[in-house]
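Open the model in your viewer and follow the stops below.

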Amino acid sequence: MAPGLHSETTEIGSVSGRKKVVVVGLGMVGVAFIEKLLKSDAKRNEYEICVFGEENHVAYNRVGLTSFFAHRSIPSMYLQPEEWYASHEEGALAYRINTKITSIDTERKKVFTQNEEECAYDILVLATGSDALLPRHTPGHDAKGVFVYRTIEDLEKLIDYSAKVSPPEGINKRAAVVGGGLLGLEAAHAVQDLDSFPHVAIIERNRWVLSRQLDMDGGNMVVEKVRDMGVDVMLSKRVGSIEKDENNVMTAVVFEDGERMDCQMICFAIGIKARDELAHSAGIKCHDRGGILINDALETSAKDVYAIGECASFENATYGLIAPGIEMADVLAFNLTQAKLHAPRKFKTPDLSTKLKLMGVDVASFGDFFSDRDGPKNIPKRAGAGKEKKIGVKSLTYKDPFSSVYKKYIFTDDGKYLLGGMMIGDTSDYIKVVSLVKAGKPLEIGPHELIVGANKGGEEDGEDLPDDAQICSCHNVTKGMVAESVRSGECDSIGKVKSCTKAGTGCGGCMPLVQNIFNAEMKKMGNEVSNHVCPHFPYSRADLFNIVRVKQLKTFGDVMEKYGNKPDALGCEVCKPVIASIFSTVFNPLVCDAPVAGLQETNDKYLGNIQRNGTYSIIPRVSAGEITPAKLVAMGQVAEKYDLYTKITGGQRIDMFGAKKQDLPDIWEELVKAGFETGHGYGKSLRTVKSCVGTTWCRYGIADSVGMAVRLEERYKSIRAPHKIKGGVSGCVRECAEAQNKDFGLIATEKGFNLYVAGNGGAKPKHSELLKADVPPDEIVQLLDRYLMFYMRTADRLQRTARWLEGLPGGIKYLREVILDDKLGICEDLEKQMDMLVGTFFCEWTEVVNDPERRKHFKQFANTDEKVENMEKITDRGQTRPTNWTKDMSVTYPFREHKWSKLDWEPILKTDDVLAVRTGAGVAVKRGDTQLAVFSVPGKGFYASQSMCPHKRAFVLQDGILGDTPEGDIFVSCPIQA
């Protein structure tokens with residue numbers, strides 16, 4: 001129960017004497033209004049806020065709903081953590097979730113809940129949002145397997161159903177999404193990511209997708225891209241009915257033209273309907289087509305009742321985008337708090353410019369993007385339009401089918417004013433063109449220069465943008481707002497900028513520009529953003545790499561004593577892995593051996609990827625995804641013997657989860673005997689080189705993609721780098737290996753391979769860039785040796801190749817000069833260093849398996865051979881996995897104040913059993929039923945702690961990295977939290 005709301009009373013009233021603002025709806029717009037009102041009212045303290053949310057969650061990012069399929073973590077989607085709602089001064093904010101407001105009495109100024117509680121208001125703000133449309137006139141709409149795509153609950157039901165449903169034998173397992181708009185493409189992407197349906201189809205009634213944002217040419221280019229991703233797009237199709245069996249389970253879709261398609265699940269994403277029923281029942285005027293009628297002050301027909309967001313109808317239109325709702329929240333919060341001293345703001349027809357990444361495709365529309373079709377709505381006054389002069393429009397189109405880029409910009413007929421347009425594939429100039437449209441100023445360059453010269457080969461730096469240029473459309477944040485937050489001293493980190501301005505907290509697409517503006521402002525103030533690895537070293541990773549290589553320093557102590565800020569410092573969880581990675585690149589020691597073991601993150605220390613319950617995953621090397629039946633059988637036998645959860649990875653390998661640390665050497669021994677070696681799935685190293693089957697099997701293949709991928713994976717399989725590296729090789733232009741989103745990728749051509757570099761998926765996906773076309777197969781290794789070693793020498797810590805290339809002066813052009821033209825005269829040296837490195841390869845698993853002393857380090861406890869089961873398991877889809885984390889995992893018991901029954905010393909283990917290294921080390925010990933972590937700290941002796949991580953309750957602390965602060969305080973970095 002939230003502060004200020006009491007279940008034992010029937011009336012929820014004001015206790016502070018302030019005016020009471022009741023907000024109905026705790027969605028993105030509702031919480032945005034609350035944030036803005038709290039901030040604007042901070043000095044006056046004129047209002048107290050009470051908000052009711054119908055869902056069982058606080059406000060979450062509905063724009064990023066698709067990401068839920070990847071992480072399944074609801075709290076990570078919250079716009080504000082739950083504790084934020086209770087963090088304000090008493091009386092400022094009360095909230096209740098899972099509570100529906102069922103009626104409003106506008107005369108008595110009260111709202112009523114489903115539990116017949118009542119809450120009085122002085123001001124009522126309706127932010128009830130909208131519902132997803134479900135065509136209830138369609139026969140079969142109520143069958144099992146029919147879903148909409150709107151809330152977390154919708155997604156949870158869809159996920160659960162997709163895991164259970166299975167078609168009859170001989171019938172393809174298929175899911176369909178009805179609707180080819182923004183929501184439909186998002187839903188299709190989400191369903192495809194489930195990996196539950198081999199066949200996914202989009203059903204669209206129009207002749208192209210995104211018909212509200214794009215013209216036919218643009219829409220059809222998106223259709224091609226979506227189909228290339230394996231999603232069927234069915235155009236000019238309408239669902240006539242949904243077939244279902246005797247158990248009311250859907251089995252097929254029947255279209256209005258009579259065609260039938262087997263289908264076990266269908267998701268309708270055909271639009272939204274404003275939730276105005278609460279207002280309507282209270283006698284508040286609503287539009288015939290839906291939506292609560294408001295004026296430009298957001299006022300409804302009822303006194304002191306306002307409506308904002310998708311539930312509001314302004315000028316006979318409702319808006320399904322987040323940006324207009326945020327603008328409404330901003331206007332209303334301003335008027336409630338600032339209008340006494342300032343003219344009230346008016347809500348104006350919103351700008352519907354949109355920039356999104358849909359199914360991996362960058363799409364944007366801006367300004368009056370259909371003015372060539374529907375006629376111009378807003379001609380700049382300076383253009384001279386009036387009764388005597390009619391202004392026409394002309395469009396300029398750029399289409400590059402080879403790069404999948406389409407742009408159409410629409411100008412006044414004299415070419416002096418930009419009115420709007422659309423972009424596909426390349427949206428790098430989006431912020432600039434939106435600013436030009438909003439400014440309504442004559443262009444300083446010709447239309448052709450604006451459209452053709454858009455791609456500068458790098459990210460927008462914001463320098464040529466005016467302060468009033470909107471850079472975050474989700475929260476209406478301008479460049480000036482970001483810059484001022486830095487200049488004022490309020491924000492000295494990018495995290496604080498996001499918190500203060502809300503920039504980047506919606507869809508996140510503006511973050512590269514926000515980061516660049518932040519960096520530029522910091523530099524102007526003389527506070528240049530430091531790239532030092534951490535407080536222990538006044539050097540970047542690239543600087544330390546050159547120091548270690550030139551000076552041939554082989555221990556962390558040598559590096560710290562000669563180049564650290566404090567010669568006897570212990571280091572930390574940041575600098576230690578950085579130095580360890582550099583040692584691996586320059587000298588390639590066994591990472592779990594002294595003296596480098598204490599530098600390693602837990603993954604490298606135990607040659608496995610630690611999971612959320614403290615167990616490890618094991619990924620054997622399967623070069624290019626090519627594996628024999630005998631090896632498959634051997635892997636299955638090992639997994640079955642040790643009860644390991646198995647899953648095929650996106651990189652064409654098999655991952656085995658749930659291995660206990662003490663079992664790792666035994667598991668590796670069996671895998672090594674079967675012909676496997678480590679797959680380095682635990683390290684910042686080469687993971688995989690993905691391939692299609694190429695000429696080995698495919699009738700379209702024009703190159704041996706498998707052979708090339710095996711060759712490259714076998715060459716680079718042991719190298720460690722600033723971040724993980726992935727490769728791909730496609731045997732033809734159909735690009736089945738997805739080589740253009742890898743750190744390096746090859747696509748076969750008639751003359752060799754096109755070599756792409758510096759792409760990646762992940763949280764900030766980026767397409768690779770073409771380094772060189774038609775490279776003969778024999779030259780591939782030489783160019784990749786140079787490229788990878790140059791990256792390993794010069795990148796910052798944990799910097800992917802994509803971000804590294806963006807930071808190089810001149811971008812891809814500069815990289816070509818270095819790698820192809822040997823501009824710096826270092827190519828021969830780069831090749832020699834890579835040759836030396838790959839020549840030192842050894843299988844790390846095998847080194848441990850064959851050495852009894854090394855195997856001892858994998859014991860569960862250093863002082864006994866006893867074993868304790870620390871994993872709570874459940875069975876899910878036929879396999880064993882750890883139980884879900886509970887909501888309140890953290891242990892907050894104040895052990896410092898605990899009165900212990902006995903404090904006598906007793907022998908527990910030999911000092912030799914703790915690795916005595918300059919970097920410090922830890923082991924687990926067992927005392928009765930208690931598991932402890934004992935640490936050897938150089939120069940300070942031994943320390944002990946509980947073994948259990950206090951945050952997630954996994955017994956792992958002994959495996960964390962020891963560190964110290966600049967003040968000398970010692971800490972251990974938890975492996976689960978790192």
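Start at the largest cavity, which holds about 260 Å³ of space. A cavity here is a set of points on a 1 Å grid over the protein atoms alone where a 1.4 Å probe fits but cannot get out; points are joined across faces, edges and corners, and the volume is the space filled by probe spheres set on them. This is a predicted model, with local features needing pLDDT of at least 70 and side-chain atom pairs pLDDT 80 or more, while totals for chains, interfaces and linings use all residues. Residues are numbered from 1 along each chain as its sequence is written, and side-chain values use heavy atoms, without hydrogens and water.

Select Gly614, Gln662, Gln860, Asn870 and Phe955: of the 20 lining residues (an atom within 4 Å of a point), these are the closest to the centre of the largest cavity. Its lining has seven nonpolar, nine polar and four charged residues; Ala, Val, Leu, Ile, Met, Phe, Trp, Tyr, Cys and Pro count as nonpolar, Asp, Glu, Lys and Arg as charged, and the others, Gly among them, as polar.

Next, select Tyr642, Asp643, Tyr645, Phe657, Gly658, Lys660, Met871, Lys873 and Thr880, which line the second largest cavity. Its volume is about 50 Å³.

Finally, show helix α21 (705–716) and helix α22 (777–794), which pack at about 35 degrees with axes 12 Å apart. Helices are DSSP runs (H or I, at least four residues), numbered from the N terminus; axes are lines fitted to C-alpha atoms over the stretch in contact, and angles run from 0 to 180 degrees between N-to-C directions. For the contact (heavy atoms within 4.5 Å), select Met708, Arg711, Leu712, Arg715 and Tyr716 of α21 with Pro777, Ile780, Val781, Leu784, Asp785 and Leu788 of α22. Eight of these contact residues are nonpolar, none polar and three charged.

Note on methods: Helices (H or I, at least four residues) and strands (E, at least two) are DSSP runs, numbered from the N terminus. On a 1 Å grid over the protein atoms alone, a cavity is a set of points where a 1.4 Å probe fits but cannot get out, and a pocket is an open set with protein on both sides within 12 Å along at least five of seven lines; lining residues have an atom within 4 Å of a point.
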